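Take a moment with the sequence and the model before reading on. We will go through the fold step by step.

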Amino acid sequence: MFSECGGCVLGCGDSEDLELKRRSRKIDRDLKKEERLKRKQVKLLLLGAGESGKSTFLKQMRIIHNVNYDVTAQLEFRKIIYQNVVKGAKVLVDAQRKLNIPLGDPENKRYGDQLLAYDNFSELNNETFPQLQYVVNRVWNDPGIKATFARRNEFQIIDSVEYFLDHSKRLAVRDYVPTLQDILYCRKTTKGVVEFTITIDRVPFLFVDVGGQRTQRQKWFQCFDNVTSILFMASASEFDQVILEDRTTNRLVESRNIFDTIVNHMIFTNISVILFLNKMDLLKKKVEVSNIAKFFPEFKDVKQVSEYSKEFGGEPSNLEDVKKFLLYYFISAKKNSLKPLYHHFTVAVDTGNISLVFKDIKDIILKKNLDALLLQ
Ligand SMILES: Nc1nc2c(ncn2[C@@H]2O[C@H](COP(=O)(O)OP(=O)(O)OP(=O)(O)O)[C@@H](O)[C@H]2O)c(=O)[nH]1
Ligand SMILES: [Mg+2]
């Protein structure tokens with residue numbers, strides 16, 4: 001008798017034949033399982049300009065859903081945090097000199113010189129940073145540097161520099177381990193595409209985090225398949241700043257242009273878009289010192305904000321008026337009035353805030369996913 005595979009002719013026994021069949025059935029089962037999982041999977045695409053808070057949002061997802069950072073990751077953050085602090089202090093000294101702002105204490109000039117000469121960033125660690133902390137602190141506490149910092153919209157500096165410079169002493173100990181808050185403030189530009197899956201309510205959520213800077217955006221298209229929802233991050237506090245890439249284009253204009261492309265893109269016709277007007281903590285401080293109407297003259301003209309029925313002629317120092325304008329500014333980019341657009345005002349570094357916001361959007365997303373599954 002020949003077995004199905006004809007193996008006996010070659011001298012192989014029935015048991016080998018059975019083993020082959022068993023393996024083949026297992027592969028089939030695994031493939032089906034993978035297929036089912038893929039269909040059930042929620043794919044969330046994080047989009048938005050550079051520094052809008054996409055990676056910070058993903059960090060919050062890990063924190064909120066208890067996907068801990070291991071020791072290697074924590075130590076990696078430590079290194080980047082040290083770089084954030086020293087580079088930030090160095091940018092401030094450079095700007096103070098270029099803007100011709102006098103130092104409060106002329107003695108601090110030599111500390112500034114020391115920082116400007118420093119370029120050993122790859123060597124920064126828990127042994128080398130403590131040696132520099134005094135220099136960093138002297139510089140940061142100088143009134144001239146504080147005056148420079150107040151004009152930070154005129155040059156390029158990361159938003160978290162204030163947080164880290166205020167905490168530099170705490171970071172300058174040998175056994176320093178970044179706290180979750182430190183990790184949230186840690187700034188590292190995303191290059192390429194980062195995928196991370198978290199199982200939430202027994203559903204696999206695949207978060208896709210991309211780099212938002214101009215050179216990174218050509219990589220976005222490779223992630224556009226099978227998207228459940230788009231989480232679009234816009235930094236609301238950047239209305240008086242220009243982008244790093246060309247140092248000319250207003251950051252809010254850049255952000256809205258990207259939003260326009262995404263929200264009106266054919267491929268996303270049936271995809272829900274959730275807009276996050278992020279960095280509300282920074283916007284709150286910003287409206288007190290910077291007049292949005294100077295950068296967006298239409299601020300004064302906006303009389304009717306969709307979703308808000310009341311007449312509107314804003315007050316630039318009023319946070320609520322500015323929020324309404326920003327919402328209008330983004331919503332008005334959407335050409336299809338029937339396409340729903342959800343929005344949230346967020347502080348991505350605030351775990352409590354993002355936890356509440358995510359609870360809200362999770363329901364929308366899961367419902368969308370269920371609808372899609374039922375349609376299949
Ligand atoms: N104060 C404050 N800082 C924020 C907020 N959201 C993000 N940040 C900080 O802003 C910086 C940029 O955030 P990222 O999450 O790296 O921005 P991104 O969109 O991933 O940027 P790319 O990777 O370049 O596209 C980080 O230092 C964050 O800590 C916020 O709501 N408030
Ligand atoms: Mg990023």
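Across which strands does helix H10 lie? Helix H10 covers residues 251-263 and lies across S1, S4, S5 and S8. Against S4, helix H10 runs at about 165°. Keep in mind that this is a predicted model.

Now look at the sheet itself. Strands of a sheet pair through backbone hydrogen bonds, and the pairing can be parallel or antiparallel. Here, six strands form an open sheet. Read across it and the order is S2-S3-S1-S4-S5-S8. The pairing is mixed. Strand S2 (193-200) and strand S8 (341-345) stand at the edges. Each has a single partner strand, so one side of each is left without a neighbour in the sheet. Neighbouring strands are turned by 20° against each other on average, with direction ignored.

Zoom in on one pair of strands. Strand S1 takes in residues 42-48, and strand S4 takes in residues 229-235. They run parallel, and five bridges join them. Find Leu-46: opposite it, in S4, stands Leu-231.

Helix H2 also packs on this sheet. The helix is made of residues 54-64. It touches S1, S2, strand S3 (203-210), S4 and strand S5 (272-278). The direction of H2 makes about 155° with that of S3.

Next, step back to the whole protein. How is the protein divided into domains? Domain 1 consists of 43-69 + 190-365, while domain 2 is 71-185. Their centres, taken over C-alpha atoms, are separated by 28 Å.

The two domains touch. On one side, 20 residues of domain 1 take part, in contact with 14 residues of domain 2. About 1400 Å² of area is buried between the two domains. Carbon and sulfur atoms give 55% of that area. Three residues stand out on the domain 1 side: Lys-59, Tyr-69 and Val-349. Together they supply 42% of the area that domain 1 buries against domain 2, more than any other three residues.

What kinds of polar pairing link the domains? There is one salt bridge between domain 1 and domain 2. Between these domains there are also six residue pairs in polar contact. Helices matter for this picture too. H2 and helix H11 (280-289) each supply at least two residues of the side of domain 1 that touches domain 2. H2 gives the most to that side, with four residues.

Finally, consider salt bridges in the structure as a whole. It holds 23 of them. One joins the side chains of Lys-279 and Asp-159, at 2.6 Å from N to O. In another, the side chains of Asp-105 and Arg-138 meet at 3.4 Å, N to O. This pair links distant parts of the chain, 33 residues apart. Asp-105 sits in the loop between helix H3 (71-98) and helix H4 (109-117). Arg-138 belongs to helix H5, residues 128-140.

Technical notes: Residues are numbered from 1 along each chain as its sequence is written. Chains are lettered from A and ligands numbered from 1 in the order in which they are written. This is a predicted model: local features need pLDDT of at least 70, side-chain atom pairs count only at pLDDT 80 or more; totals for chains, interfaces and linings use all residues. Side-chain values use heavy atoms; hydrogens and water are left out. Two strands pair if DSSP finds at least two bridges between them. Axes are lines fitted to C-alpha atoms, for helices over the stretch in contact, and angles run from 0 to 180 degrees between N-to-C directions. Contact means heavy atoms within 4.5 Å. Domain bounds come from an automatic or database domain assignment. Buried area is the accessible area (1.4 Å probe) that two parts lose on being put together, summed over both. A salt bridge is a side-chain nitrogen of Lys or Arg within 4 Å of a carboxyl oxygen of Asp or Glu. A polar contact is a pair of N or O atoms within 3.5 Å; within protein, one must be able to donate a hydrogen and the other to accept it, and residues adjacent in sequence count only if both atoms are side-chain atoms.
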